[in-house]
Amino acid sequence: IFDKVKAEAGDEALLYAKAAPRNPPQLDCPISASFPPHAGPVLGVSAAPLVRNLFASCGADATIRVQHTGQPTPILVLEPSASYIFCVAWSPSKPLVLAAGGGNGVVCIYDLARDNKAPLHRLEMPSRANVVSLAFLQQGDVLAAGDWSGAVRCWRLSPDLVDVSPGDFAGTQALLGAKE
């Protein structure tokens, strides 16, 4: 619904008025859960596309928390650097590959099936500006990163970070403690 509204200065403006629903929608099976907070603002959250109910959050406390919706405490707390972690992204092709973008232009890539403590790779943006956006391209073989300086950089990932291996299923089960 568009309504014409007379502005104070006499100019006309169009405003879009959307009626707010009076009752919240009824969901078949709503998940209502809360998790221990980060020690500062949460700057990013990403759902794992290949592992049901798994997500990661990151924040100004320089941590990444890997969490399962059925467990109140984090499965893992990763600390890739002393700087803010601005964004996280899960691979669309390999279940436990996670990328994180942080301060000083650093991008960390984890394969949690192989090592759930340290990143396998640390990549750097040429500008050394804070990495604030990450995305895996559709096939999962390219990782794109954007930073505060306006730069975007793409890296082609090695097959061990893209192709599913027999150890991935066991690694997922071990990480989740048989939750799935």
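In what order do the elements of the protein chain run from the N terminus on? In this predicted model, the answer is a run of β elements with an α at the end: β-β-β-β-β-β-β-β-β-β-β-β-β-α.

Now for the overall packing. The protein chain has 180 residues, and 42% of them count as buried. As for contacts between residues at least 6 apart in sequence, 43% join residues at least 24 apart. The chain exposes about 10,500 Å², with carbon and sulfur atoms supplying 55% of that area.

The helix, H1, spans residues 166–176, and its buried residues are Asp168, Gly171, Thr172, Leu175 and Leu176. These sit on the same side of H1, because they cover an arc of only 120 degrees around the axis. Pro166, Phe169 and Ala174, on the other side of H1, are exposed. So what lies over the buried residues of H1? The cover includes strand E4 (54–59), strand E5 (64–68) and strand E6 (76–78).

The disulfide count is zero. For Cys87, the closest cysteine sulfur belongs to Cys58 and is 6.3 Å away; a disulfide needs the two sulfur atoms within 2.5 Å, so this pair is too far apart for a bond. Cys87 counts as buried because its relative accessibility is 7%, which falls under the 20% cut-off. Cys154, on the other hand, has a relative accessibility of 48% and therefore counts as partly exposed.

Technical notes
Residues are numbered from 1 along each chain as its sequence is written. This is a predicted model: local features need pLDDT of at least 70, side-chain atom pairs count only at pLDDT 80 or more; totals for chains, interfaces and linings use all residues. Side-chain values use heavy atoms; hydrogens and water are left out. Helices (H or I, at least four residues) and strands (E, at least two) are DSSP runs, numbered from the N terminus. Buried means under 20% relative accessible area, exposed over 50%, partly exposed in between (1.4 Å probe, protein chains only). Contact means heavy atoms within 4.5 Å. Accessible areas come from the Shrake-Rupley method with a 1.4 Å probe; for residues, only the protein chains shown count as cover. The arc is that of the directions from the helix axis to the C-beta atoms.
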